[in-house]
Amino acid sequence: MAQPRVVSIHYTLTNDQGEQLDSSRVEGREPLTYLEGAQNIIGGLESALNEKDAGEQVKVTVAPAEGYGEVNEELIQPVPRTAFEGVESIEPGMQFQAQTPGGPQVVRVVEVQDETVTIDANHPLAGETLHFDVEVIETRDPTEEEVEHGHIH
């Protein structure tokens, strides 16, 4: 494999309906910078940007399998409302950090009943086809430390 690069991009992310989900092109935001091959960004986007140079613009469509995966129904489950001890008001859309055997995981509240709260541990963009409009701002060689650590500094 070729030497990885550090790549900086500006991007706008939309869904199939054309709704903007995220963008680095807003005032005060820096470009997204990542280390190629270190799985710092979703695979489908990284693959499309491999070997692109500064100044290139790319439109990329990323299917769920190459993005945040399909929705896993097993990750949507009711839990007793008592699991939210100390939280006065629980509303759909709220996010909490849950302790799991695999470590901490963010869960989203999707439904609230009298005795149970249905949570979803899927990534919020699971199951979505993602559309990126990307401009490569800069590429450079990584430092030895960045390669060793698997992320940029």
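**Close-up views of a predicted chain**

**Figure 1. Overall view of the chain.** Read along the sequence, the elements follow the pattern β-β-β-α-β-β-β-β-β-β-α, which amounts to 2 helices and 9 strands. Helices (H or I, at least four residues) and strands (E, at least two) are DSSP runs, numbered from the N terminus. This is a predicted model, in which local features need pLDDT of at least 70 and side-chain atom pairs count only at pLDDT 80 or more, while totals for chains, interfaces and linings use all residues. Residues are numbered from 1 along each chain as its sequence is written, and side-chain values use heavy atoms, with hydrogens and water left out. Along the principal axes, the C-alpha atoms fill a box of roughly 55 × 35 × 30 Å. The radius of gyration is 19 Å, whereas a compact globule of 153 residues would have one near 15 Å; the radius is taken over C-alpha atoms, and the globule rule is 2.2 Å times the number of residues to the power 0.38.

Figure 2. Of the 153 residues, 32% count as buried. Buried means under 20% relative accessible area, exposed over 50%, and partly exposed in between (1.4 Å probe, protein chains only). The chain carries 8 positive and 30 negative side chains, and the centres of the two sets lie 6 Å apart. Lys and Arg count as positive and Asp and Glu as negative, while His and the chain ends are not counted; each charge is placed at NZ of Lys, CZ of Arg, CG of Asp or CD of Glu.

**Figure 3. His 10 in strand 1.** His 10 belongs to strand 1 (residues 6-14) and counts as buried because its relative accessibility is 18%. Its side chain is joined to that of Ser 24 by a polar contact of 2.8 Å. A polar contact is a pair of N or O atoms within 3.5 Å; within protein, one must be able to donate a hydrogen and the other to accept it, and residues adjacent in sequence count only if both atoms are side-chain atoms. Beyond its neighbours within four places in sequence, His 10 is in contact (heavy atoms within 4.5 Å) with residues including Arg 25, Glu 30, Asp 133 and Ile 137.

**Figure 4. Ser 23 in strand 2.** Ser 23 sits in strand 2 (residues 20-23) and is buried, at 6% relative accessibility. The side chains of Ser 23 and Thr 12 make a polar contact of 3.1 Å. Leaving aside neighbours within four places in sequence, Ser 23 is in contact with Tyr 11, Thr 12 and Arg 29.

**Figure 5. Two loop residues with positive phi.** Most residues other than glycine have a negative phi. Gln 39 has a phi near 55° and lies in the loop between strand 3 (32-35) and helix 1 (43-49). Gln 39 is exposed, with a relative accessible area of 73%. Glu 51, in the loop between helix 1 and strand 4 (57-62), has a phi near 70°. Glu 51 counts as exposed at 72% relative accessibility.

**Figure 6. Ala 98 in strand 6.** Ala 98 is part of strand 6 (residues 95-100) and counts as partly exposed, at 25% relative accessibility. Setting aside neighbours within four places in sequence, Ala 98 is in contact with Gly 103, Pro 104, Gln 105 and Val 107.
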